[in-house]
Amino acid sequence: MDGTLPAARPLAIANLEEAAERLRARIAITGPFTQRMNTPAALGKVLTREVQPGLFAGGYDVEYLVDMRLEEVIEPSLSCSLALTGAPLSMECDGHGTILYEAGCPVLIALDAPGRFVGHCQRGRHCAAAGLVIKSEFFERFRDREGGHGLAPLQDMLANGGGVRRLPPSRRLAELAHQSLSDIYSGSLGELFLEGCTLSFAAELCRIVSEDDAQAGRSGLGPRERERAFHLRATLDEHIVETPSLDALAAMFAVNATTLGRQFRQAFGSTIFGYVRSRRLDLAQLLLRSQDLPVSAVGYRVGFASPAAFAAAYRRRFGYAPSLEAGRSRGETIAR
């Protein structure tokens, strides 16, 4: 079995358990099933494949047919998942609390011991996500090279059990995630294409982590202040549509609003308001490219008060109107 389930097929509990095993994970799925292993639980496709020793591609594009409770135990590894569609999904992880997966926001998890994740899938819900899983053996091929190597930031996170980290939105990662779930090629060409997408995803992921660390390192902030800034950014990502006021954020982090805003700007080179607006527009672009939604609906969904305000902000950010996004995603020429 090559690890890819054909598009839009019924997926039984056994299919989902087999997919997890290919990622060296174990899952337990419970729900109102009459025949546990053979009951169709979802409709769509699941992708799990080891593309190189220790490097796994993972993803899914499914609609759940029943309510399910999913419990997953993941071996020590570094994983990055990027949700592409669907409402935010939360998972509870022992030792790390609630992990929120939102469309467009990469979530990086480093585990130095097996981790237990618990979540719930609701009937009728459509979700799509893609990413990778890296085991320690993937880095072995780089061990004998002189000096450091470009994957050191990821290897260090895995070696140090770096926990959960929400990364800034990345259009490049989103493009690679979409491509890895596509059916552009089949057979050996499909395997080669998926391997290329996954390696590119790993390279881009490492670049983002390196630049994020470098930006925070240049900030002049101490470790405690940098950690607060990263925590604040994660909080903003979790509440990007209904963002708490600056005063509420200051109370949440037990520091005055002026200091909080200054430290955030030092860490990330952007004001809190600027980051929120940029993040909303990135999310809007992803929705316009991946879902057939009216422009006004997308604007409201990402937190803009009016279609006019959304359209004006979108044009300032990307240089063209949001109504032209679908054509741009198909490669059409757009007059600005």
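Reply: Strand β11, residues 126–134, gives the largest share of the lining of the largest cavity, with seven residues. Please keep in mind that this is a predicted model. The lining has 49 residues in total, and those nearest the centre of the cavity are L23, Y60, L70, E72 and S81. Sorted by class, the lining holds 34 nonpolar residues, eleven polar ones and four charged ones. The space inside comes to about 960 Å³.

Helix α4 provides the largest share, three residues. By class, the lining of the second largest cavity has four nonpolar and three polar residues, and no charged ones.

Now for the open spaces. The largest pocket holds about 750 Å³ of space. Its lining is made of 27 residues, with P168, P169, S170, R171 and D282 closest to the centre. Helices α3, α4 and α8 each supply at least two of the lining residues, and α8 gives the most, nine residues. If you sort the lining of the largest pocket by class, you get eight nonpolar, nine polar and ten charged residues.

The second largest pocket has about 460 Å³ of space. It is lined by 15 residues, and V164, R165, R166, E227 and A234 are the ones nearest its centre. At least two lining residues come from each of β8 (97–101), β12 (163–166) and α5. Helix α5 gives the most to this lining, with five residues. The classes here are six nonpolar, four polar and five charged residues.

Helix α8 and helix α5 come up again in the charged pairs. The side chains of R279 and D237 meet in a salt bridge, at 3.3 Å from N to O. This pair links distant parts of the chain, with R279 in helix α8 (residues 272–290) and D237 in helix α5 (residues 223–238), 42 residues apart. Are these two partners buried or exposed? Both R279 and D237 are buried.

Side chains of opposite charge can pair when their charged atoms come close. In this model the count of salt bridges comes to 13. Another of them joins E211 and R207, at 2.8 Å from N to O. E211 and R207 lie four residues apart in helix α4, so about one helical turn separates them. E211 counts as partly exposed because its relative accessibility is 46%, and R207 is also partly exposed, at 37%.

A further pair is R69 with E71, whose side chains meet in a salt bridge at 3.2 Å from N to O. With a relative accessibility of 29%, R69 is partly exposed. E71 has a relative accessible area of 23%, so E71 falls in the partly exposed class as well.

Last comes the surface. Which residues form a nonpolar patch there? They are I184, Y185, L189 and L192, and together they have about 440 Å² of accessible area. L189 sits in helix α4, the helix that also gives three residues to the lining of the second largest cavity. Why does L189 count as exposed? Its relative accessible area is 52%, and the cut-off for exposed is over 50%.

Methods. Residues are numbered from 1 along each chain as its sequence is written. This is a predicted model: local features need pLDDT of at least 70, side-chain atom pairs count only at pLDDT 80 or more; totals for chains, interfaces and linings use all residues. Side-chain values use heavy atoms; hydrogens and water are left out. On a 1 Å grid over the protein atoms alone, a cavity is a set of points where a 1.4 Å probe fits but cannot get out, and a pocket is an open set with protein on both sides within 12 Å along at least five of seven lines; lining residues have an atom within 4 Å of a point. Grid points are joined across faces, edges and corners, and a volume is the space filled by probe spheres set on the points. Ala, Val, Leu, Ile, Met, Phe, Trp, Tyr, Cys and Pro count as nonpolar, Asp, Glu, Lys and Arg as charged, and the others, Gly among them, as polar. Patches are made of residues with over 30% relative accessible area and no salt bridge: like charges are joined within 9 Å, nonpolar side chains (Val, Leu, Ile, Met, Phe, Trp, Tyr) within 5 Å. Accessible areas come from the Shrake-Rupley method with a 1.4 Å probe; for residues, only the protein chains shown count as cover. A salt bridge is a side-chain nitrogen of Lys or Arg within 4 Å of a carboxyl oxygen of Asp or Glu. Buried means under 20% relative accessible area, exposed over 50%, partly exposed in between (1.4 Å probe, protein chains only).
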